[in-house]
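Please consider the following points alongside the sequence and the coordinates.

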Amino acid sequence: MTNIRIAQYFRLTASGGQTYRYQNYFVGQSSSYLSESYTFAPFRADGALASLNGDNETLRVLFPNIEVAIRLVEEANGNRLSELTLTTAWLNASEQIVTTLTDYYIGIGASYSDSTLELRFRSAIDSVGSQFPSRTLTRDNVGPLPLNSELYLR
Amino acid sequence: MAAQFPGIKPSERSFSVGQYPTKTYRALSGATVKRSFGNRAYGYEIQLAFNNITDAVTTLLLTHYDSTYGGLDRFTLPSELFVGMSSSLTAKIQSPTQIKWEYSKPPEVKSVHPGLSSVTITLTGELDY
């Protein structure tokens with residue numbers, strides 16, 4: 001039998017510049033990753049991460065409707081245009097990080113329910129294959145660049 | 001957090017250890033992969049029976065249940081519940097790491113004689129962070 005231990009490190013920078021760091025594995029403890037401390041929060045992240053057709057992929061981060069999550073949404077302007085760095089870390093039996101995978105997202109909003117608080121993100125602009133985009137988009141040839149992957153080719 | 005559970009010696013008690021948050025994927029071949037989601041156990045359970053206790057003691061137990069808003073608020077357990085156990089075993093059960101206790105269902109009261117009742121209480125130990 002194979003056993004895996006996976007922790008997720010959630011680093012959100014709000015549009016105002018405040019940073020929030022949480023992890024979801026070490027209950028009631030802080031965990032250090034890249035010399036930064038991540039406190040525990042009981043969140044889960046799910047959603048598609050990538051596809052070959054270049055669609056905007058959405059990620060959903062679900063928190064229970066607790067004070068820390070509400071404050072995060074309120075202070076982050078409703079999760080609009082916040083920047084999320086989500087790192088998935090594989091741990092060994094000693095709970096030390098062995099391998100990591102980091103994805104980047106842009107906040108597109110949030111919603112409340114009676115018991116949960118949902119933060120929605122879209123993938124940050126990124127190439128999804130060697131053929132896309134066929135040209136490199138720079139500020140020089142297209143003007144201001146978008147922060148997320150809502151890009152229309154006409 | 002609610003006030004500590006009343007310090008009354010139970011007539012019977014039983015305990016089950018918590019479980020760790022894991023999920024198992026089993027392939028068609030039968031091979032399994034088990035994923036761990038956290039480093040702490042949850043879902044401990046204690047069942048207590050208080051047999052032939054007076055109405056005053058019964059009232060005390062029910063008052064404590066009300067003070068937790070029917071299981072909403074969590075609390076700690078007094079050492080009187082663990083009389084007869086060694087200190088090391090008591091520590092394991094009384095206060096597992098980061099565990100606080102809550103009512104998993106309302107107390108059950110059975111009248112056995114005028115002025116005497118038997119009360120059964122089930123508590124669940126959940127992670128409190």
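1. Two strands are taken to pair if DSSP finds at least two bridges between them; helices (H or I, at least four residues) and strands (E, at least two) are DSSP runs, numbered from the N terminus. This is a predicted model, in which local features need pLDDT of at least 70 and side-chain atom pairs count only at pLDDT 80 or more, while totals for chains, interfaces and linings use all residues. Residues are numbered from 1 along each chain as its sequence is written, and chains are lettered from A and ligands numbered from 1 in the order in which they are written.

2. Within chain B, strand β4 (residues 44–54) pairs with β1(B) in the antiparallel sense, over five bridges. B:L48 in β4(B) is the bridge partner of B:R13.

3. A:N3 has B:K34 in β3(B) as its bridge partner.

4. Twelve residues from chain A and eleven residues from chain B form the contact (C-beta atoms, placed from the backbone, within 7 Å). On the side of chain A, the largest share, five residues, comes from strand β1 (residues 2–13).

5. Chain A has two helices and nine strands, in the order β-β-β-β-β-β-α-β-β-β-α along the sequence. Of its 154 residues, 24% count as buried.

Note on methods
Contact = placed C-beta atoms within 7 Å. Buried ≥ 20, exposed ≤ 12 C-beta atoms within 10 Å, placed from the backbone.
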